[in-house]
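Q: Could you walk me through a few features of this structure and show me how to read each one?

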Amino acid sequence: MKNQFRTDRLESKPKPRSSSTLLNPCSSSPPPPPPFCRRRRSALFTLPAAARLRAVDLANMLQSKSFVKKTKQGRVVKVVREHYLRDDIPCGAASCSSCDTAARRLGVDAAAILVVDTNVVLHQIDLLENPAIEDVVVLSVVLDEVKNKNLSVYNRIKTLCTNTARRFFVFTNEHHRDTYVKEMVGESPNDRNDRAIRVAARWYQSHLGESAKVMLITNDRDNKRKATEEGLNAETVESYVRSLAQPGLLDLVVVPSSGDVTMEDVEDLRPSKRKVIYSEHKPMSEITSGLRCGIFHQGKLRVNRYNPFEAYVGSESIGDEIIIRGRSNMNRAFDGDIVAVELLPQDQWNESKSFIADDDEDDNEEDVHLVPNSADDAPRNTNSTQSTVESSAASVSSRPVGRIVGIIKRNWNSYCGSLEPMPMPAGSGGVAHALFVSKDRRIPKIRIQTRQLGNLLNKRIVVAVDSWDVLSRYPSGHYVRTIGDIGDKETETEVVLIENDINTRPFSTQVLACLPPLPWSLSPDDLANPNRQDLRHVRVFSVDPPGCRDIDDALHCTPLPNGNFEVGVHIADVTNFVLPGTPLDEEASQRATSVYLVGQRIDMLPKPLTEDVCSLRADVERLAFSVIWEMTPDADIISSRYTKSVIKSCAAMSYVEAQARMDDSRLVDPLTVDLRNLNSLAKIMRNRRCERGALTLASAEVKFEIDSETHDPLDIGIYQIREANQMIEEFMLAANVSVAEKILKHYPLCSLLRRHPSPTKEMLEPLLRTASSVGLNLDVSSSKALADSLDNAKRDDPYFNKLIRILATRCMTQAVYFCSGDLSLSEYYHYGLASALYTHFTSPIRRYADVVVHRLLAAALDIAKLPPVFQDGPQLTGIADNLNYRHRNAQMASRASVELHTLIYFRTRPVDTEARIVKIKANGFIVFVPKFGIEGPIYLTAKGDKGADWVVDEVHQKVTKPGANISYAVLQSVMIHMEVVEPQPHRPKLQLTLL
Amino acid sequence: MEYVNPLTGFRVDGRRPNEMRQLKGEVGVVSRADGSALFEMGNTRVIAAVYGPREVQNRSQQVNSKEALVRCEYRMAEFSTGDRRRKPKGDRRSTEISLVIRQTMEASILTHLMPHSQIDIFVQVLQADGGTRSACINAATLALADAGIPMRDIVTSCSAGYLCSSPLLDLNYIEDSAGGPDVTVGILAKMDKVTLLQMDAKLPMDTFETVMELAIEGCKAIATYIREILLENTKQLEYRRG
Ligand SMILES: [Zn+2]
């Protein structure tokens, strides 16, 4: 009820004054407000300061454009639109003296002014983006056509035209008196637009006269011929780029696809391969009718990250995921494409074998990688040995399998990767055809042509896709740019960032303008604020990893006279500085999280906020948002309250320091006593949580010691978790749970919460299979049962329990953010923490979710108004989706960065170490290396050698060599050798071999 | 949708944000009426006819016999829009616009000079392309002037909207259908007073003022144009009378 009331009040606030109060009461009867009003969506804009309006002009010449169109009801109406022609449109050339000089964009000493046609913009946008191409006139007719055909290219050309560093000019030819052309009888719209482009080019020629050379760039033969006949300079893209004499630039030119004969010749030299590999895509009309009558199903294709030959299409019409197996069934679709799928007959749903054969040329071997932290990181075991017949028959056959018949919307992008090593072509300097391998394994190899193979072979490059012909096994693309040398730390880090769509651009001036005046200090206004409590006298301190500069949280623990404790969790008051709707807020919302790489941090908020103004550093006054409990010595919460506050931390300790203080029995100073009290409370809370069934999962987090000068890793080891870490974690969990309860009570429909779905039986299967093979029975009926059986999983082997927990961890999915209105209460559950409700409140400096939650809490306490975005369900869901996407990407980037540094570390330091077998495969097994937190394959037979002298025992997860009396079983300890090898030049990889 | 091209600053029809469509006005188009006028703003075309002052036909309608009764009937021709839908006479929208036009014109007519009489204004939209309300008021002003009805000042009207973060003068149908705010203003041009102000949707206060000022600029430009027409018309009459 209360919530309802608040919503109403918010609704009425931003309304502008009603129109009648603004009237000048000059007449005896002021005009009344309109008797009825069409309710329209409110639109709130801010107007740039540029204020005064020019005197009103009347537009001059008039043309009427008329056309017929069909209305939604299916009726055909004639639409007449006005079309004004004018003579005050500038040409943009610096050499022109007759036009408005303010509009000048094209260079004074331009060798040629280029007028490009629509297809040049659509297909050669990578070339246009290269700084070698300048002085380009983009006609409005071209711009309109591009916009209709490809919005992403439209946005790119728009960026080019607004970039003041580039010399691109938009000429409104459609409204210029001299360049407007009317469609002639029998002329197609395409021909009319081509003619308009030629007319505009001719106008430039005569308008600029001798002062500049105007050139029409078109790949359309007919258009080029007509242009030449009309006395224009016309060139194809390729011939123009050739004339610039920069061989590298030619790689950016997209060669016209299939129809062109020369391309067919180079397609594949072996005639045997010249066959139709894929089936034609169905025409759009057929797809539409097929979708309507339910033969086809529409959905977004998601390719398995670890097995690019398997993909899924989430289909609403079927209500289930359709599995697509193999490249030929995927029929040239890319990850993220919207596709139309046809189901295969049910008797083919279970044929998992067939697809492996036709893709054998792609080796799908596993690399050494970090130990997965969740099921989302782990390779799915679809391609593992013999996926046990009885289980797959039961679970897999029920899932529909299909093939792709058409692509409704392409998600083609540019990708990071490198060229497949190949010998230099004979006549060096000529054109080479190379295969590009994307870092993202979901992307197929891409064929490109290059004239600079020698330069590119050992580089990380970006390649864009142009087309994929039915005759061609791989899509064709073109080179876009070089990032740097393969294996180079900076290059590979940049690749990681690009791959994970992480914004590393410096913050814009608009964003920085939102920062408070620096240096910031506490103002009297903050203290006078009745909603802000002064807690500067309280002994507040923080405990963080060493060297932490963005301190989100601090604590206090004061004994009360009645024997209880007052425990406070103080979180940086970020929302005091990041106001809703500001550019700073928009940017933070987009970035959603700070990204932590080895030795590098990409901030969500500008540095002055993260490291200074918001950071709860020691000995300075800072604003905080506090959760304060009264707790009994048994850690029962008697009361909770929430308030904005001012604190002054007395110590910013590292975990090691805090631990050392607690452990040193000689110390009895108040701070140490506070720490000990907190620690004993935390232990009780932790036990209670585990009793409820919270899982103690194990992950092996790796820590590097980095050389401060070279930034190379000096040492590598597992991050040690101390009691002090767990103590802080416990109070943060408690604060998050408290806040989740509070905001949900006030805003049941628009709270941002975090849930952790219970793992399905299917997901836990690998864990159960491993456990049963070593005679361990795990009860997975609930998180409580699982937690108990994990606790009981003990053997003589001291590492056994940890190993089982690590295996359990990788079966879980990740927790996700969601909007409370989108799900029902039972779905809010956080499985891992065994908590009915959970959210993120404690790290607003580095997570946007916490910023959102701070705003919700402030509104729930009546301190601030709830921003309007919370009224907008779909937008809120969009925010949650973006948080999940960015969060996931940030994690993947962190993992990739650790993997990169692991590789760099072992490059000069081969070692022998102990490892544990975690999975048996047909030709070997996967081992986990506890000391370095990595896992990888060990091959018992050479690659390609299918001689089966090893026998796999699936039930006991064991591989044996009959005659030789050697066997390896899962969880067994083995000694291995780790070394970086280069099987192909400049392609270093970490190799594990059995000793 | 980009109603103002972000790269060139031109609107869909080739105007700049602060430009009005082409205006055209003509008086004396209905010979039977006491005064009449045709007014065009771009493709929006409106005809107005004025009868009166004449004796009040239905005395019960007259509230104050010391002042003239002003009546207004607004109609939209069935052929005026793209889809020639049959609209019932006296629908809510027509009733509202009739009322708006009547009240706006009443504010200008010196009704106390014409007691016991009534003035009928008939306005018909021949072609609708946005801004019909304003065009009707402008046509009515011309027709009243043609009929020789005494007025304080000429009333003119113009609309302005706010789309793509830019105030736009004189919205056409496409821009009007965008669903953005639409401010229609009517002013007494010489006296610089506002007699009509309507807005759909919400706007922040400072933006609203900019948009309203733009609409007022538009009204003033129309007033100048209407004065020219009347002057020209008077010259013609003078010439004909010799
Ligand atoms: Zn010029």
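**Reading strands, rings and charges**

A: Seven bridges join strand E22 (residues 553–559) of chain A to strand E23 (residues 565–572) of chain A, and the two run antiparallel. Strands count as paired if DSSP finds at least two bridges between them. Helices (H or I, at least four residues) and strands (E, at least two) are DSSP runs, numbered from the N terminus. Before we go on, this is a predicted model: local features need pLDDT of at least 70, side-chain atom pairs count only at pLDDT 80 or more, and totals for chains, interfaces and linings use all residues. Residues are numbered from 1 along each chain as its sequence is written, chains are lettered from A and ligands numbered from 1 in the order in which they are written, and side-chain values use heavy atoms, with hydrogens and water left out.

Q: Which residue of E23(A) is the bridge partner of Leu555(A), and how many residues lie between the two strands of the hairpin?

A: Leu555(A) has Val569(A) as its bridge partner. Five residues lie between E22(A) and E23(A) in the hairpin, and Gly563(A) in the turn has a positive phi of about 95°. In a regular strand, side chains alternate between the two faces of the sheet. E22(A) is mostly covered, with five of its seven residues buried. Here buried means under 20% relative accessible area, exposed over 50%, and partly exposed in between (1.4 Å probe, protein chains only).

Q: How many aromatic pairs are there over all chains?

A: A pair of aromatic rings is described by the distance of the centres and the angle of the planes. Rings of Phe, Tyr and Trp (its six-membered ring) pair if their centres lie within 6.5 Å; planes under 30 degrees apart count as stacked, over 60 as edge-to-face and the rest as tilted. By this rule there are 14 aromatic pairs over all chains. In one of them, Phe925(A) and Tyr968(A) have ring centres 5.1 Å apart and planes at 50°, so the pair is tilted. Phe925(A) belongs to strand E33 (residues 924–929) of chain A and Tyr968(A) to strand E37 (residues 966–969) of chain A, so the pair ties together parts 43 residues apart in sequence. Phe925(A) is buried at 1% relative accessibility, and Tyr968(A) is buried at 14%. In chain B, Tyr51(B) and Phe122(B) are edge-to-face, 5.8 Å centre to centre with 80° between the planes. Both are partly exposed: Tyr51(B) at 23% and Phe122(B) at 33%.

Q: What sits over the ring of Phe625(A)?

A: The charged end of Lys644(A) does, 4.9 Å from the ring centre. A charge sits over a ring if NZ of Lys or CZ of Arg is within 6 Å of the ring centre and within 35 degrees of the ring normal. Likewise, Arg591(A) lies over the face of Phe507(A), 4.1 Å from the ring centre.

Q: How many salt bridges does a search of the whole structure find?

A: Side chains of opposite charge can pair when their charged atoms come close. The rule asks for a side-chain nitrogen of Lys or Arg within 4 Å of a carboxyl oxygen of Asp or Glu. The search finds 67 salt bridges over all chains. Among them, Arg156(A) meets Asp126(A) at 2.6 Å, N to O. This pair links helix H5 (residues 151–162) of chain A, which holds Arg156(A), with helix H3 (residues 125–129) of chain A, which holds Asp126(A), 30 residues apart. Arg156(A) is partly exposed at 28%, whereas Asp126(A) is buried at 8%.
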